Amino acid sequence: MVEPFDLVIFGGTGDLAVRKLLPALYHRFIDGQIPDSSRIVGIAREGLDDDSYREQVRETLGKTSGADKAKIEAFLKQVRYRSLDARKDEGWDEFAALIGEQPEHIRVFYLSTSPELFVDICGRLGHYKLNEGKSRVVLEKPIGRDLDSANQINDAVGRVFDESQTFRIDHYLGKETVQNLLALRFGNALFEPLWNNAHIDHVQITVSETLGTGNRSSYYDRAGALRDMVQNHILQLLCMVAMEPPSSLAPDAVRDEKLKVLNSLKHIDSSNVAQLTVRGQYRAGVADGAKVPGYLDELGDTKSHTETFVAVKAEIANWRWAGVPFYLRTGKRLPDRVSEIVVAFKPVPHSIFSADAGTLAQNRLVLRLQPDEGVKLWLTIKHPGPGGLRLRHVPLDMSFAEAFGVSQPDAYERLLLDVVRGNPTLFMRRDEVEAAWRWAGPILAAWSASGEAPRPYSAGSWGPSAAIALIERDGRTWSEDSE
Ligand code: NAP
């Protein structure tokens, strides 16, 4: 159970609120973690009242796992709605009065709207003094589209909320597997001595989606894969793999170490962007067994150079990681929906086995974030039974759901309660966002200066062939878990 709170979702009728935030709160409610006097207030311009909003939420929750009519009704008693326009004063007096009814409550303002509204919303929250007391603000990505725009948003939010009140969410950090990475690395004596360039050959991070951009094409076209996925989620995962052991799990101890990694990323600019990155854009093809159109057709603009796929060979210039490439790739309309980190260890220095024993494969630690969160450690063993010694490569499977017989909580469940508890360990500090933009900005600038279009790839393929060449040039291949 956490302290009683009021959680206000700006954008309470939007996709993120309906699909993720409200179900996450419902699941915490049925686990008894939400005190009775807590309130969840949805905000949007649409002219709903409490009852009609509850009707919408009821319908959504009816489809979620763990749906139970009586429990949904009990949860809905804590749900309210206020129609407000972030850009107009009308209605804010009443809203401030509603929040003022329970001054002892923790207040969480979750900005689940387009970032263009963050400045208006924070300005008004400050004007009505709703930033005082135990208040916190949660910012959804994207925080800007480059360093300047990120600074503008952070400055405007910072005029109203202290850094200690500001929670920049990256839901990948709330995933069980990512936290398990901390447990594996720092809770076992086994891995940390090997966790360096003497023993690790390379790291791969893949976030692939089967979906295209669909009706979000015009939004996506202003972002692209590097801004949408790499600058935030993938770099955060890279930090969790690469950071030095923090002295504790205290928020700044962890974030200081992540920041050092971001600041150590080797610069990519016009001089090396062609060797170290590949941009792609999907064309028509077959995805999930159906014919699908290409990105430009969906967008209705044949000139767009926005990338729907990117692969990057990143390097971290420090003692631990010098010479260990981090291959990053993400894209839309790829063959599988997978998010995973693969840590590939160096091969044994000498094989004592005869050629007919089979090939020796590298040990790999595979951390899968979705689907089926879990960890596998690939090992070489002897094929059981009499006869000659044959080698087999098998996974030591630590699938969480099977091991613990529990269903995986959604990342938002943990993160929302961390905000209420005031624990920002798994949230991005302002300087991390800035460091990530300082690395991503020159890549975007170099692509733009080149004037080149992204390389085409067929929907349903693993991206342009140049992405395969990017890793094969180094004598390595993209990992497939079934290997
Ligand atoms: P969305 O579906 O477009 O919802 C936007 C919400 O904002 C709606 O409730 C809308 O309702 C409200 N809104 C728009 N203008 C407003 C105004 N002037 N005043 C008050 N409310 C206003 O967007 P979304 O997909 O939920 O995404 C929200 C944010 O989360 C975005 O920044 C997005 O990048 C980020 N995000 C989304 C996802 C996701 O899975 N959807 C994932 C990660 C991050 P009215 O039009 O009725 O006002």
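Which helix gives the largest share of the shell around the ligand? Keep that in mind as you open the structure, which is a predicted model.

**Stop 1: the ligand shell.** Select the ligand and the 23 residues around it; Thr13, Asp15, Leu16, Arg19 and Arg45 come nearest. Now colour helix α1, residues 15-30: with 3 residues, helix α1 supplies the largest share of the shell. If you colour by class instead, you will find 8 nonpolar, 7 polar and 8 charged residues in the shell.

Stop 2: Show the backbone of leucine 16, where an N or O atom sits 2.8 Å from an oxygen atom of the ligand. Move on to glutamate 46, which has a polar backbone atom 3.1 Å from a ligand oxygen. Then pick lysine 141: here the distance from a polar backbone atom to an oxygen of the ligand is 3.2 Å. On its own the ligand has 880 Å² of accessible area, and the protein covers 78% of that.

**Stop 3: the sheet.** Switch to cartoon view and find the open sheet of 6 strands, paired in parallel and ordered β3-β2-β1-β4-β5-β6. Its edges are β3 (79-83) and β6 (166-168); each has a single partner strand, so one side of each lacks a neighbour in the sheet. On average, neighbouring strands are turned by 20° against each other, direction ignored.

**Stop 4: β5 and its surroundings.** Select β5, residues 135-139, which pairs with β6 in the parallel sense over 3 bridges. Leucine 139 has arginine 168 in β6 as its bridge partner. Finish with helix α5 (residues 118-127), which packs on the sheet and touches β1 (5-10), β4 (106-111) and β5. The direction of helix α5 makes about 160° with that of β4.

How values were computed
Residues numbered from 1 in each chain as written. Predicted model: local features only at pLDDT ≥ 70, side-chain atom pairs only at ≥ 80, totals over all residues. Heavy atoms only, no water. Near = heavy atom within 4 Å. Polar contact = N/O pair within 3.5 Å; in protein donor to acceptor, adjacent residues only side chain to side chain. Areas by Shrake-Rupley, 256 points an atom, 1.4 Å probe, with all protein chains shown as cover. Helix = DSSP H or I, 4+ residues; strand = E, 2+ residues; numbered from the N terminus. Nonpolar A, V, L, I, M, F, W, Y, C, P; charged D, E, K, R; others polar. Pairing = 2+ DSSP bridges. Axes fitted to C-alpha atoms, helices over the stretch in contact; angles between N-to-C directions. Contact = heavy atoms within 4.5 Å.
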